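Here is a short briefing to read alongside the model. Keep the viewer open and follow the points one by one.

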Amino acid sequence: MRRLPTVDREVGPVPGLPKVVLYHSVHGLRPAVHAAADRLRGAGHEVLVPDLYEGRTAGSVEEGRAVSEEIGTDELLRRAVTAAAPVSDQGVVYAGFSLGGSIAQNLALADEKARGLLLLHGTSDLPDGARADDLPVQLHVADPDPFETHDWLNAWYLRMRRAGADVEVHRYPGAGHLYTDPDLPDHDAEAAERTWAVALDFLAEL
């Protein structure tokens, strides 16, 4: 029997604060993702943390890409949609790390009830004709980032604005790509704390 994506839930969220669906990076559902979810829960958010790899994790980007490619983009998106389905009608914030940010962006743009989009370290291309009317979007990214180059981010920003989104971009000079994960060489503690302070303010205002 196929296992459905696992979901973590927080008991006792603060009324009025948005629910957050938080998708992991190409490394899989690592402790840093659970720690991020706990941080959001501590601020009063209900947080769902789907495991798109169904228990598998990767110690390197290359290993993670191999897992992702084995599963396939369509299946990853199906699992992501399935995990969010129980709460999506309530209007949620889609969020994600790197690969998870790409997935979160795709879901947010397809969900008319989406309350916001929080991107950590990753974006996705926008299909022609995409609409994101007044969708609050916040991106946190290293500067420079080998996976999110300046040219790409400038084009992405313009396309998101053209789609109607309300976009903020926060860049962190000298940080590594996945700088919020304390178990990876990319980690930058100062940049991570700044990111979470800004992100929590963003979520609180939605």
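In strand 4 (116–120), Gly116 is the bridge partner of Val93. Strand 3 (residues 92–97) and strand 4 run parallel and are joined by 5 bridges. Strands here are DSSP runs of E with at least two residues, helices are runs of H or I with at least four, and both are numbered from the N terminus. This is a predicted model, in which local features need pLDDT of at least 70 and side-chain atom pairs count only at pLDDT 80 or more, while totals for chains, interfaces and linings use all residues. Residues are numbered from 1 along each chain as its sequence is written, and side-chain values use heavy atoms, with hydrogens and water left out.

- The open sheet has 6 strands in the order 2-1-3-4-5-6, with parallel pairing; two strands pair if DSSP finds at least two bridges between them.
- Strand 2 (47–48) and strand 6 stand at the edges with a single partner strand each, so one side of each has no neighbour in the sheet.
- Strands of a sheet pair through backbone hydrogen bonds, either parallel or antiparallel.
- Strand 1 (residues 19–23) runs parallel to strand 2, and 2 bridges join them. Val20 stands opposite Val47 of strand 2.
- How many residues of strand 4 are buried? The count is 5 of its 5 residues, where buried means under 20% relative accessible area, exposed means over 50%, and partly exposed lies in between (1.4 Å probe, protein chains only).
- In a regular strand the side chains alternate between the two faces of the sheet.
- Both faces of strand 4 are covered, with Gly116, Leu118 and Leu120 buried on one side and Leu117 and Leu119 buried on the other.

**Around Thr180**

- Look for Thr180 in the loop between strand 6 (166–173) and helix 6 (189–204). Thr180 counts as buried because its relative accessibility is 10%.
- Which side chain makes a polar contact with the side chain of Thr180? The partner is His121, at 2.9 Å; a polar contact is a pair of N or O atoms within 3.5 Å, where within protein one must be able to donate a hydrogen and the other to accept it, and residues adjacent in sequence count only if both atoms are side-chain atoms.
- Leaving aside residues up to four places away in sequence, Thr180 touches Phe97, His121, His187, Ala192, Thr195 and Trp196 (contact means heavy atoms within 4.5 Å).

**Salt bridges**

- The whole structure has 11 salt bridges, each defined as a side-chain nitrogen of Lys or Arg within 4 Å of a carboxyl oxygen of Asp or Glu.
- Glu70 and Arg56 meet through their side chains in a salt bridge (3.1 Å, N to O). Because Glu70 lies in helix 2 and Arg56 in the loop between strand 2 and helix 2, this pair ties together parts that are 14 residues apart in sequence. Glu70 is exposed at 56% relative accessibility, whereas Arg56 is partly exposed at 34%.
- Arg79 and Glu75 form another salt bridge, with their closest N and O atoms 2.9 Å apart. Both lie in helix 3 (residues 73–88), 4 residues apart, about one turn of the helix. Arg79 is buried, with a relative accessible area of 7%, and Glu75 is buried at 18%.
- Asp133 pairs with Arg131 in a salt bridge, the closest N and O atoms being 2.5 Å apart. Asp133 is exposed at 53% relative accessibility, and Arg131 is partly exposed at 46%.

**Backbone points to check**

- Most residues other than glycine have a negative phi, and most peptide bonds are trans.
- Glu54, in the loop between strand 2 and helix 2 (61–71), has a positive phi near 55 degrees.
- Asp134 also has a positive phi, about 60 degrees. Asp134 lies in the loop between strand 4 and strand 5 and is exposed at 66% relative accessibility.
- A cis peptide bond, with omega about 0 degrees, joins Asp143 and Pro144. Pro144 is in the loop between strand 5 (136–143) and helix 5 (150–162).
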